[in-house]
Amino acid sequence: MSSSDEVAGGKKTSWPELVGKSIEEAKKIIVEDRPDVKTVEVFPVGTAVTEDFRLDRVRIFVDTVAEIPRIG
């Protein structure tokens with residue numbers, strides 16, 4: 001864990017190693033690393049979100065199309 005990934009008490013605050021992982025895998029690892037996190041939110045990149053800072057929340061921003069978009 002680098003110094004940029006932790007706050008006082010050695011708790012991890014960011015997960016650069018999760019870039020490129022599936023959303024479900026990322027959520028699992030975040031909760032394993034920080035069981036005190038109550039909410040993991042997923043948003044498209046560029047989504048407007050509140051600016052309140054909460055130690056019990058992690059936000060994941062995604063921008064990749066995983067499957068072929070189809071009508072139906």
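**View 1. Ser-22 sits in the segment before helix α1.** In this predicted model, local features need pLDDT of at least 70, side-chain atom pairs count only at pLDDT 80 or more, and totals for chains, interfaces and linings use all residues. Residues are numbered from 1 along each chain as its sequence is written, and side-chain values use heavy atoms, with hydrogens and water left out. Helices (H or I, at least four residues) and strands (E, at least two) are DSSP runs, numbered from the N terminus. Ser-22 has a relative accessible area of 40%, so this residue is partly exposed; buried means under 20%, exposed over 50%, and partly exposed in between (1.4 Å probe, protein chains only). Look also for Ala-66: Ser-22 and Ala-66 are 44 residues apart in sequence and 9.7 Å apart in space, C-alpha to C-alpha.

**View 2. A salt bridge joins the side chains of Asp-36 and Lys-11 (3.7 Å, N to O).** Asp-36 belongs to the loop between α1 and β1 (39-44) and Lys-11 to the segment before α1, so this pair, 25 residues apart, links distant parts of the chain. A salt bridge is a side-chain nitrogen of Lys or Arg within 4 Å of a carboxyl oxygen of Asp or Glu, and the structure holds eight of them. Asp-36 is partly exposed at 26% relative accessibility, and Lys-11 is partly exposed at 41%.

**View 3. Within helix α1, Glu-24 and Lys-27 lie three residues apart, about one turn of the helix.** Their side chains meet in a salt bridge (3.9 Å, N to O). Glu-24 is exposed, with a relative accessible area of 56%, whereas Lys-27 is partly exposed at 26%.

**View 4. Arg-54 and Asp-56 pair up through their side chains in a salt bridge (3.0 Å, N to O).** Elsewhere, salt bridges that share partners join Lys-11, Arg-34 and Asp-36 into one network.

**View 5. The largest pocket holds about 740 Å³ of space.** Among its 27 lining residues, Ile-30, Val-58, Arg-59, Ile-60 and Phe-61 are the closest to its centre. On a 1 Å grid over the protein atoms alone, a pocket is an open set of points where a 1.4 Å probe fits, with protein on both sides within 12 Å along at least five of seven lines; lining residues have an atom within 4 Å of a point. Strand β2 gives the largest share of the lining, six residues.

Definitions and conventions: Points joined across faces, edges and corners; volume = space filled by probe spheres on them.
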